[in-house]
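Here is a friendly walk through a structure, in questions and answers. Have the sequence and the 3D view open as you read.

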Amino acid sequence: MVTETATVPAPAPALPVKTVRVVSRNWGKPNSHTLPSYRDSGGYKLWEKTVKGQGLKPQELIDTVKAAGLRGMGGAGFPTGVKWGFLPKDNPKPRYLVVNGDEGEPGTFKDRYIMELDPHMFIEGCMLSSYAINAHVCYIYLRGEFLFQVKRMEAAIDEARAAGLLGKNILGSGFDLDIHVHRGAGAYICGEETGLIESLEGKKGQPRLKPPFPAVVGVFGCPTIVNNVETLTHVVPIVEMGAEKWKALGKNGAPGTKLYGISGHVNKPGVYELPFGSTMRELLEFAGGVRDGKKLKAIVPGGASCPLLLPDQLDTPLDFDSIKKAGTMLGTACAIVMDESTCMVRAIARLLKFYAHESCGQCTPCREGTHWLAKMLTRIEHGEGREQDLTLIDEVANNIMGNTICALGDAAAMPTISYFKKFRHEFEEHVKTGKCRFGEHEVAPRQVTIGP
Amino acid sequence: MSLAQSEHPKGPLEFSAKAKDEIKHHVAKYPDRRAATLPALYVAQREFGYVSPAAMATVARELDIPETWVREVATWYTMYNKVPVGKYHVQLCGNISCHLTGADKLIHGLSQALGIKPGETSKDGRYTLAEVECLASCGSGPAMQVNDDYHEHLTVEKALKILRDLP
Ligand SMILES: Cc1cc2nc3c(=O)[nH]c(=O)nc-3n(C[C@H](O)[C@H](O)[C@H](O)COP(=O)(O)O)c2cc1C
Ligand code: SF4
Ligand code: FES
């Protein structure tokens with residue numbers, strides 16, 4: 001029974017003093033989620049100035065975001081200002097700003113902290129961005145499980161509306177803007193931007209073929225910009241301090257700051273704001289290193305869909321371009337750390353079970369391939385693998401790559417290929433001996449299907 | 001409420017006045033009524049306990065949209081319970097970060113202590129156990145969601161205490 005009373009004790013994320021505090025600057029202050037607290041630290045001054053036409057004009061805002069080099073923090077890293085520039089100039093239809101707060105990528109837990117601990121900075125980011133692209137309605141799409149965050153966002157939006165910062169003719173400026181929260185209902189694929197748009201329209205969240213891109217035909221058939229929660233929150237400090245100063249906060253050639261998450265076998269898992277371009281070694285140090293003094297085995301740098309980073313690659317800067325050179329992806333920049341006790345076959349078998357469950361079923365390679373991979377990997381994990389499975393895994397994974405409507409197919413194939421390539425001996429050993437050297441697993445009883 | 005009691009009658013279901021208001025409020029947010037399907041289904045789930053075909057029909061009538069549209073959505077998303085679940089829907093994350101920090105042990109332990117496998121409901125109708133995907137609590141796992149509430153940093157003992165302390 002759904003009671004709709006969600007209470008969540010927001011666990012204070014680990015925030016050592018040495019981190020930079022730009023988008024996380026209000027976290028930890030008393031009542032940091034309320035309007036008075038946000039106002040106390042100068043919040044909404046920028047919006048008041050901007051909406052009254054005393055600040056940057058819409059095109060100047062877009063140019064500033066472009067000059068700052070802000071890139072999408074939802075996983076793909078597309079330059080934000082460039083995306084905004086794709087909106088058609090001559091389309092008379094209304095434009096929408098849609099925020100992606102689906103946060104479903106396994107290992108990822110950064111956006112929820114923004115919403116729990118400083119919803120108003122995020123809202124101010126939505127306001128400035130809506131103004132920049134001339135949108136008068138903004139939808140924040142939150143995953144269904146986030147009832148606490150839905151309530152927190154709605155309360156913050158109500159506060160802002162009551163203060164005259166949202167609504168019709170804001171502060172006498174003639175500019176209208178409203179923000180609505182839309183709650184999903186449990187489907188990872190609704191994090192994919194066109195699946196999200198379908199879901200927002202009240203349909204199954206099945207991704208659309210692109211083009212047309214959402215900037216041209218998005219929600220309700222209108223030009224739409226989809227951005228991640230963190231992406232839009234960074235807009236506030238960028239406009240506040242100007243592109244150049246914000247850029248200078250970064251390291252190793254990357255601009256600004258970044259919320260990095262870290263989980264798994266570390267001493268202090270949490271969300272850390274660091275200069276963008278900090279290295280994996282630095283992030284691991286902030287997280288107190290590998291737990292129980294164990295040896296590091298591998299790291300998934302940015303959510304489950306990324307290929308592995310190995311211990312000899314710890315000095316890789318965690319930004320989109322550097323990490324690509326290291327053969328993997330930044331993704332959501334939430335790292336998953338695995339120590340020497342981790343069985344890589346088990347890890348990837350668990351992940352494939354996830355992708356098989358979440359495949360929306362539109363494309364044959366993804367629908368069939370993820371299930372096939374999950375079956376083979378589970379078989380191998382249980383010591384029932386066959387010799388030919390080893391060849392098939394590679395083949396099936398490679399046949400998914402690039403042959404699907406959305407990137408979920410690739411997201412399943414890439415880690416499979418990577419774990420298999422980098423730890424092939426573990427797969428072979430499972431098949432040969434029918435055993436796992438990492439010991440007997442406490443195998444969770446298999447899920448029985450609920451309902452029809 | 002026992003499972004038998006919560007099963008819907010064959011006849012039509014009616015929304016309360018409060019529920020109708022709530023749905024109106026949702027409809028007003030969108031240029032198209034169909035977009036209110038997801039929020040309206042949540043209202044139905046709360047009002048009727050679970051989303052039966054009768055509840056789907058009520059949502060369709062209230063939104064004035066075809067019933068097939070509502071059915072398609074209600075059956076596609078996992079958070080709409082198509083059959084009655086226990087008083088407490090215990091949803092344990094089994095995904096990667098929680099897996100690394102002891103989710104299997106937790107699922108195993110709870111399953112044993114409650115005498116039900118994931119997917120099953122206890123005889124007294126108090127608990128339904130389920131293994132779910134990442135809950136975005138990866139830095140504070142292993143995690144579970146009980147109805148609408150998150151619980152983090154769990155051990156078997158801690159989780160059992162939380163469940164037994166519930167009213
Ligand atoms: C399967 C899949 C799941 C995704 N899940 C999310 C998500 O939960 N949150 C998110 O912000 N982006 C997610 N994305 C990325 C979005 O499609 C899109 O790139 C992003 O929302 C754009 O915003 P940004 O440019 O600000 O990053 C996902 C993509 C795919 C293919
Ligand atoms: S790749 Fe998979 S999830 Fe994406 S559209 Fe195709 S079947 Fe659906
Ligand atoms: S992996 Fe369990 S909450 Fe993310």
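Contact here means heavy atoms within 4.5 Å. One more thing before we start: this is a predicted model.

Q: Among contacts in chain B between residues at least 6 apart in sequence, what percentage join residues at least 24 apart?
A: Start with the contacts whose partners are at least 6 apart in sequence. From these, pick the ones that join residues at least 24 apart. In chain B that share is 62%.

Q: What pattern does chain B follow along the sequence?
A: Chain B has eight helices and four strands. Its C-alpha trace spans about 50 × 35 × 25 Å along the principal axes. Read along the sequence, the pattern is α-α-α-α-α-β-α-α-β-β-β-α.

Q: What percentage of the residues of chain B count as buried?
A: Buried means under 20% relative accessible area. Chain B has 167 residues, and the part of them that counts as buried is 63%.

Q: Is B:Ser16 buried, partly exposed or exposed?
A: B:Ser16 is found in the loop between α1 (3-6) and α2 (17-27) of chain B. Its C-alpha atom is separated by 10.0 Å from that of B:Ala44, 28 residues apart along the chain. The relative accessible area of B:Ser16 is 28%. Since buried means under 20% and exposed over 50%, B:Ser16 is partly exposed.

Q: How does the radius of gyration of chain A compare with what the globule rule gives, and what is its value?
A: Chain A has 17 helices and eight strands. For its 452 residues the globule rule gives 22 Å, and the radius of gyration is close to that, so chain A is as compact as a globular protein of that length. The value for chain A is 22 Å.

Q: What does the C-alpha trace of chain A span along its principal axes?
A: Of its 452 residues, 61% count as buried. Of its contacts with a separation of 6 or more, 69% come from residues 24 or more positions apart. Along the principal axes, the span is about 75 × 45 × 45 Å.

Q: Which residues are closest to ligand 2?
A: The space taken by ligand 2 is the largest cavity. Around the ligand there are 13 residues. The closest are A:Cys360, A:Gln362, A:Cys363, A:Cys366 and A:Cys406.

Q: How many residues in the shell around ligand 2 are charged?
A: Sorted by class, the shell has eight nonpolar residues and five polar ones. Cys counts as nonpolar in this scheme.

Q: Which residues does A:Glu192 contact, leaving aside its neighbours within four places in sequence?
A: A:Glu192 is found in the loop between β3 (178-183) and α8 of chain A. With a relative accessible area of 16%, A:Glu192 is buried. Its contacts are A:Pro207, A:Lys210 and A:Cys406.

Q: Which residue is joined to A:Pro212 by a cis peptide bond?
A: Most peptide bonds are trans. A cis bond joins A:Lys210 and A:Pro211, with omega about -10 degrees. A:Pro211 lies in the loop between α8 (193-200) and β4 (224-228), and A:Pro212 has its place in the loop between α8 and β4 too. In the cis bond to A:Pro212, with omega about 0 degrees, the partner is A:Pro211.

Q: What is phi of A:Asn252?
A: Most residues other than glycine have a negative phi. A:Asn252 is found in the loop between α10 (243-247) and β5 (257-264) of chain A. A:Asn252 is partly exposed, with a relative accessible area of 49%. Its phi is positive, near 50 degrees.

Q: Is A:Ala333 buried or exposed?
A: A:Ala333 has its place in the loop between α12 (320-325) and β8 (334-339) of chain A. Phi of A:Ala333 is also positive, near 60 degrees. With a relative accessible area of 2%, A:Ala333 is buried.

Q: Which residues are in contact with A:Ser322, leaving aside its neighbours within four places in sequence?
A: The place of A:Ser322 is in helix α12 of chain A. At 18% relative accessibility, A:Ser322 counts as buried. The contacts of A:Ser322 are A:Thr316 and A:Pro317.

Key: Residues numbered from 1 in each chain as written. Chains lettered and ligands numbered in written order. Predicted model: local features only at pLDDT ≥ 70, side-chain atom pairs only at ≥ 80, totals over all residues. Heavy atoms only, no water. Near = heavy atom within 4 Å. 1 Å grid on protein atoms, 1.4 Å probe; cavity = no way out; pocket = protein on both sides within 12 Å on 5 of 7 lines; lining within 4 Å. Sits in = over half its atoms within 2 Å of the grid points. Helix = DSSP H or I, 4+ residues; strand = E, 2+ residues; numbered from the N terminus. Rg over C-alpha atoms; globule rule 2.2 N^0.38 Å. Buried < 20%, exposed > 50% of the residue type's maximum accessible area, 1.4 Å probe, protein only.
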